[in-house]
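Biologist: I would like to go through this model with you, one topic at a time. Shall we begin once it is on the screen?

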Amino acid sequence: MSGAALRMEDVAFSYGDMAMSFDLAVEPSSIVAVMGPSGSGKSTLLNLVAGFETPASGRIMIDGADVARRAPAERPVSMIFQENNLFAHLDVEKNVGLGRSPALRLDAPDRAEIASALARTGLAGKEHRLPAELSGGERQRVALSRVLVRDRPILLLDEPFASLGPALRREMLELVRDLHGERGMTILMVTHHPDDAAALADHVAFIEQGRVSALAPSSVMFSRDAPAAFSAYIGA
Amino acid sequence: MSRPDRRVIAGVAGLGAVGILIGGAFAGLLGEAVNDWSGAVSAFDTYMLRVTRFTLWQAALSTLLSVVPALLVARALARHPHFAGRALILRLFALPLALPAIVAALGILALLGRAGLFADVLTAVTGTRWQGIYGLSGILVAHVFFNLPLATRLFLHALETVPTDQRRLAAQLGMGARASFRFVEWPVLRAALPGVAGLVFMLCVTSFTIVLTLGGGPRATTLEVAIYQALRFDFDPARAVALTGAQIVLTAIVVALLMRLGANMAGDANLPVASRAPAVAGRAERILNSTVMLVALLFVAGPLAAIVISGLQADLARLAADPAVHAATATSLVLALLAGLLCVLLSLSLTMARRAMELKRPRNAAPSLLERMLDTGAGFVLVVPPIVVGAGWFMLLRQTGQVFAIAPVMVVTVNAVMAMPFAIRALRPAYDAASARHEKLCASLGISGINRFRLVDWPSIRRPLCTALAFAMALSLGDLGVIALFGSDAVQTLPYLLLARMGSYRTADAAGLALFLGIICLMLMMLVDRTRSRT
């Protein structure tokens, strides 16, 4: 797998009385931190790319094809949410297996793939645990394992590590960076932490009032040349 | 995501099935009314006026006698979380909900009837030969037996919404019984009162079995019983049409009023758990409250004990060998199972469709008419009681000569639809919660259709589904309304057989059957409690 290019062109969507319009171009295999105040539209942007929201107009191009009208499962996209990434009544192996077959019909190669994904994320030996028997960090590792077996060129992270402690969050970010090094998928990551963005992302997209008001390399965004509104937001 | 969701199609089909059942009944009524218009109009006479007045009068009295004591009992239970008999009372108060009305009626007769356990005592007290509790007093005792526990549980539920901190604050401020009633308990009770009273009133207006078995003659007859008598004994369809019309108008008015009050029409089968409230009652209050709880306990336990005692006195061995009992048991169980399954299927289709439509609609948009119908449509069956639906179909099919052949279908469908409000109340929270958790995940992984049901929905709704199934089965098992209209020697259920044995003065047989039927229903409800407590 390698990353795909993502382009949002005049993607219009209204949420209540807030009208949003997104324009964004992301290079293949880059990692973009999506930052901005609460309610600015960060999660909506991710939901539009994933297909949970349908835009009123505009195009969402992934590797040159417009996916804006496709069902979520038909898009070359995986997403990890802040919570509810797992089915509580299914064990770890089955939760990951759903990434291979939505009917959970798994053959031997599928199972081998699942086992290696679990081993890669440090969950070997926990195949038959239920989500309730796992820690918060482990649950998100299961979700990451599923991303590995689904093997889609774009990964959306909607603050999946926000509820973890600082050390654990850093550990998870390192895992994401390693997986990115191996697979090269394009990553959009919503985060409130400038440190996370600086550590992981090569670009930062700043969202204000339903628009992408700035998109620049992290080195620029975390320097004195950053847009004033962004500096004010991160308190730099 | 713009493809038509299969869940919505299933829901529309379910709604259509309910519509056909209700619509067919109305077609039968209208056809009969058109057929014999003058007869139907002339049936609005003094007899009907008297029946209507009695229907309202007994319902009002029953409500008053159930709700006011329930306030006292609920408050006593809430203020004494460590009272020794509290758990027993709560458990016992759950029983009448599961008990078929005819079983309770037999229990009350076994206790207070002419040959009841208390007959000798009552003869000594009153000085004249005790004639048994029939008519208005019998109806009231039975209605209070059913509704005092229900109202108590609903009020207790309301009282347990008082935040623990507020109770602690009341205790710290040194509020006595009177002050804490005024500032802490009465506000929540007052909020719950209209809904609870309305629900009890509605249940008493549409009560059929109790009035049929304990009421007597034209002086103690309600609209529902009068409909039944007009169809089964007087062969006077014109009168039945007029009575049914009056009943529909009456229940529609009551339901409309209840909706305005925000009443919870489906009742509540939840058992409130022990409150964490501190025990603060003084000595005098403790004695008073203990007395209140003890009296309530005896009032509910009395008929239950009488069912067991008189049931055990019956010739159970002979009953167990009676082929009529075997046939009725088999018929009852099969029909109840079918009604339960149909109920669960219809309820599930409505629940899933409503959720699917809610998800598809933009967040701020108002729900469409279809979504609103999926939401509350099942509740409207409460406006048309089983007897009314049965009466409509009875008239529709009268011409065909197939009235009694259709009995099993009517019993199954009417009971299934009547249990739907309860089933939906059990299913919907579980399904909606599971959907809220899983909807995005299913969409992103492409889990849909039968895969989704098998892998995602089924595990989360399995237990509430069993609850709904058992509840619907218990309701159907105890039903006498539809089978009273459509039953015959060919199709007999246990309640029908019980009524027949009562009618032919084989009281001991009836008592034995009542015990048997009561045990079956209680076992089903215990199953409900077990599945519920494991969730």
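Biologist: To start, is Phe235(B) buried or exposed?

Modeller: Please keep in mind that this is a predicted model. Phe235(B) counts as exposed, because its relative accessibility is 64%, and exposed requires over 50%.

Biologist: Where does Phe235(B) lie?

Modeller: Phe235(B) sits in the loop between helix H11 (223-232) and helix H12 (237-261) of chain B. Its backbone deserves a remark: Phe235(B) is not a glycine, yet its phi is positive, about 45°. Most residues other than glycine have a negative phi.

Biologist: Moving to Asp151(A), what is its phi?

Modeller: Phi of Asp151(A) is near 60°, again a positive value in a residue other than glycine. Asp151(A) is placed in the loop between helix H4 (136-150) and E7 of chain A. With a relative accessible area of 35%, Asp151(A) is partly exposed.

Biologist: And strand E7 of chain A, why is it largely enclosed by the rest of the structure?

Modeller: Strand E7(A), residues 154-158, is largely enclosed because 5 of its 5 residues are buried. One side presents Ile154(A), Leu156(A) and Asp158(A), the other Leu155(A) and Leu157(A), and all of these are buried, so that both faces are covered. In a regular strand the side chains alternate between the two faces of the sheet.

Biologist: Which strand pairs with E7(A) over 4 bridges?

Modeller: That is strand E6(A), residues 77-80, in the parallel sense. Within this pairing, Leu157(A) of E7(A) has Ile80(A) opposite. E7(A) is also joined to strand E8(A), residues 186-190, by 5 bridges, and these two run parallel. There, Ile154(A) stands opposite Thr186(A) in E8(A).

Biologist: In what sense do E1(A) and E2(A) pair?

Modeller: Strand E1(A), residues 6-15, and strand E2(A), residues 18-26, pair in the antiparallel sense over 8 bridges. Val11(A) has Phe22(A) of E2(A) opposite. The hairpin of E1(A) and E2(A) has 2 residues between the strands, and Gly16(A) in that hairpin takes a positive phi near 65°.

Biologist: Over how many bridges does E1(A) pair with E4(A)?

Modeller: E1(A) and strand E4(A), residues 57-62, pair over 5 bridges, in the antiparallel sense. Arg59(A) in E4(A) is the bridge partner of Glu9(A).

Biologist: Now the interface. How many residues does the contact take from each chain?

Modeller: The contact takes 26 residues from chain A and 19 residues from chain B. Between them the chains bury about 2,100 Å², with 61% of it on carbon and sulfur atoms. On the side of chain A that touches chain B, the residues divide into 14 nonpolar, 7 polar and 5 charged.

Biologist: How many salt bridges are there between chain A and chain B?

Modeller: The count is 0 salt bridges between chain A and chain B. The interface does have 5 residue pairs in polar contact, with both residues at pLDDT 80 or more.

Key. Residues numbered from 1 in each chain as written. Chains lettered and ligands numbered in written order. Predicted model: local features only at pLDDT ≥ 70, side-chain atom pairs only at ≥ 80, totals over all residues. Heavy atoms only, no water. Contact = heavy atoms within 4.5 Å. Buried area = accessible area lost by both parts, 1.4 Å probe. Salt bridge = Lys/Arg side-chain N within 4 Å of Asp/Glu carboxyl O. Polar contact = N/O pair within 3.5 Å; in protein donor to acceptor, adjacent residues only side chain to side chain. Nonpolar A, V, L, I, M, F, W, Y, C, P; charged D, E, K, R; others polar. Buried < 20%, exposed > 50% of the residue type's maximum accessible area, 1.4 Å probe, protein only. Pairing = 2+ DSSP bridges.
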